[in-house]
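Hi everyone, thanks for coming. Let's have the model up on the screen, and then I'll walk you through a couple of its parts.

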Amino acid sequence: MNYRRAWCPGGTYFFTVNLLERKGNRLLVDRIDLLREAVRRVKRTHPFTIHAWVVLPEHLHCVIELPAGDVDFALRWRLIRLIFSRGIPKTERRSAVRQKRHERGIWQRRYWEHLIRDDADFAAHMDYVHFNPVKHGWVERVADWPYSTFHRLVAQGVYPEDWAGL
């Protein structure tokens with residue numbers, strides 16, 4: 001299958017990345033320290049700017065910006081998922097196809113990416129990222145979700161503490 005990707009040097013992108021088994025899975029928040037370390041390690045070797053990030057139990061959303069001239073977000077996601085997966089014991093169920101390919105059964109193979117087009121698109125995706133825990137019913141107030149850049153952006157004056165009226 002030929003997937004169309006928007007390769008824009010120095011682009012800002014919105015991503016959704018899912019675990020393979022979503023129902024009842026809390027792996028990302030249960031192993032949040034491992035995920036954070038994977039992101040830190042990749043950022044050191046392949047820099048990018050995090051504008052927004054939220055980690056839910058079974059998926060995550062983020063808005064990141066690549067350095068000028070760089071288009072390789074795919075390498076960054078491959079490395080983040082690989083580093084995270086290597087820190088998890090091999091206890092997950094794997095399909096015959098994944099076994100044949102020597103793949104883990106942690107992440108969905110594909111992820112959603114969207115190239116941010118303008119300031120309005122950027123603002124809409126920033127809001128989407130931060131409101132997501134409320135949308136999925138994990139908390140009633142955006143400020144109550146601990147695994148989000150929302151708290152950093154409140155401290156920077158970007159969002160008020162009671163943003164979204166919640």
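Okay, start with strands β1 and β3, residues 59-65: they pair in the antiparallel sense over seven bridges. Strands here are DSSP E runs of at least two residues, helices are H or I runs of at least four, and both are numbered from the N terminus. Two strands count as paired if DSSP finds at least two bridges between them. One example is V17, whose bridge partner in β3 is L60.

Quick word on the source: this is a predicted model, where local features need pLDDT of at least 70, side-chain atom pairs count only at pLDDT 80 or more, and totals for chains, interfaces and linings use all residues. Residues are numbered from 1 along each chain as its sequence is written, and side-chain values use heavy atoms, leaving out hydrogens and water.

β1 also pairs with β4, residues 112-115, again antiparallel, over four bridges. There, T16 has W112 as its bridge partner.

So is β1 buried or exposed? Seven of its seven residues, 12-18, are buried, so the strand is largely enclosed by the rest of the structure. Buried means under 20% relative accessible area, exposed over 50%, and partly exposed in between, with a 1.4 Å probe and protein chains only. In a regular strand, side chains alternate between the two faces of the sheet. In β1 both faces are covered: T12, F14, T16 and N18 on one side, Y13, F15 and V17 on the other.

Last stop, helix α5: it bends by about 35° at V129, and a proline, P133, follows within four residues. That bend is the angle between axes fitted to the seven residues ending there and the seven starting there.
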